[in-house]
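Hello,

Here is the structure you will be working with. Please open it first, then read the notes below it.

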Amino acid sequence: MSLFIEFHLIQNFAPSNLNRDDTGAPKDAVFGGYRRARVSSQCFKRAVRLQADFPAANQGVRTKKLLELLREQLQQRFGLAGEELDGRIESALAAAGLKLKEDGKTEYLLFLGQQEIDGFASLIHAHRDELAPSANGEKKSKKDVKANVPPELAKQAKAIMNGGKALDVALFGRMLADLPEVNQDAACQVAHAISTHQVVRDFDYFTAVDDKGSADETGAGMIGQVEFNSATFYRYAALDPAKLAGNLQGDRELALAGVRALVQAMARAIPSGKQNTFAAHNPPSFIGIAVRHASPLNLANAFEKPVYARNGEALTGQSVAALAGYDDKLAGLYGDARDAWAYIDLTDAWPQAKGERQTSLAALADWAAQQAGAAWER
């Protein structure tokens with residue numbers, strides 16, 4: 001049976017520049033014919049990954065510096081070092097289909113679970129003689145290096161690349177173009193956050209004074225400008241708990257722990273862009289979690305017609321009310337009678353009869369995990 005856990009957040013940020021484009025300006029988009037502030041899904045996913053309280057053994061690492069990580073592990077865990085260690089590491093990685101460039105980095109960013117990195121270290125330690133580089137020290141292609149590895153050892157190296165039961169890899173997926181067999185489809189889809197209202201960019205013209213300037217130096221030591229905006233965002237994500245458990249090799253207990261951690265991280269994660277300048281540490285005013293049984297329903301079209309500031313009403317409250325009203329219409333056509341909501345609302349604009357109001361973020365996380373667990377028991 002299909003079950004989706006959705007996240008619907010209304011979050012108002014003070015003046016800020018959380019996610020910049022190539023010119024340094026805040027990202028934006030046209031939606032419903034109006035310019036909106038935008039924070040990309042990639043930006044929020046990274047913030048969620050860094051915020052999430054995942055067990056260290058079930059956390060992923062995105063890096064090109066796999067060689068350095070394995071050197072460190074092999075020295076700390078097994079006391080291995082020496083000039084030929086890099087060659088053994090290169091052979092083990094080549095056996096799995098990964099190549100190191102001349103600078104010792106991988107060809108592209110790898111998203112690996114900690115257990116996968118640990119697995120490579122253990123493989124290299126256990127088979128260090130079979131992975132010894134050629135005596136003449138010639139630089140070989142990935143194909144040639146792989147050809148020198150015994151077939152059974154190559155099979156073991158490939159088997160390591162199974163996601164490592166890393167929660168962030170399981171949630172957000174990974175793609176390796178030349179190793180499609182180790183790809184993982186994301187269990188959690190994250191939308192770009194957009195403002196519920198029209199937005200206009202602002203400019204901060206600034207000057208900096210030279211503390212050591214002489215009396216005749218009356219001008220500024222530096223001048224410049226920074227673009228910024230302030231916006232109330234609608235954030236949306238959809239989680240497939242069954243897919244999450246599948247990506248975690250059937251470990252449902254770990255999947256439930258991941259659901260709880262994801263709820264907490266979605267609420268607490270704030271992008272780091274220009275925070276030293278703006279300090280926009282503004283948590284969500286509304287966090288709604290919907291359980292859907294038919295299909296996910298992104299409610300962004302509640303704001304196709306922008307919310308406007310009027311009569312002293314807060315944009316957050318108007319946005320929450322618009323979200324609830326649109327969900328009533330959309331779910332009436334496309335929803336399922338078993339669908340349910342739970343929420344935290346600082347605006348008091350969400351209808352009290354629409355779901356279960358929670359008194360803490362921890363209680364909301366427990367509710368989401370209970371919904372996923374109950375679905376698996378049916």
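The lining of the second largest pocket is made up of six nonpolar, three polar and six charged residues. Here Ala, Val, Leu, Ile, Met, Phe, Trp, Tyr, Cys and Pro count as nonpolar, Asp, Glu, Lys and Arg as charged, and the others, Gly among them, as polar. Helix H1 (residues 41–51) supplies the largest share of that lining, four residues. Helices (H or I, at least four residues) and strands (E, at least two) are DSSP runs, numbered from the N terminus.

The model is predicted: local features need pLDDT of at least 70 and side-chain atom pairs pLDDT 80 or more, while totals for chains, interfaces and linings use all residues. Residues are numbered from 1 along each chain as its sequence is written, and side-chain values use heavy atoms, without hydrogens and water.

Most residues other than glycine have a negative phi. Lys165 sits between helix H6 (151–160) and helix H7 (167–172), and Asn311 between strand S10 (286–292) and helix H11 (315–334). Lys165 is partly exposed because its relative accessibility is 21%, whereas Asn311 is exposed at 71%. Buried means under 20% relative accessible area, exposed over 50%, and partly exposed in between (1.4 Å probe, protein chains only).

Regards
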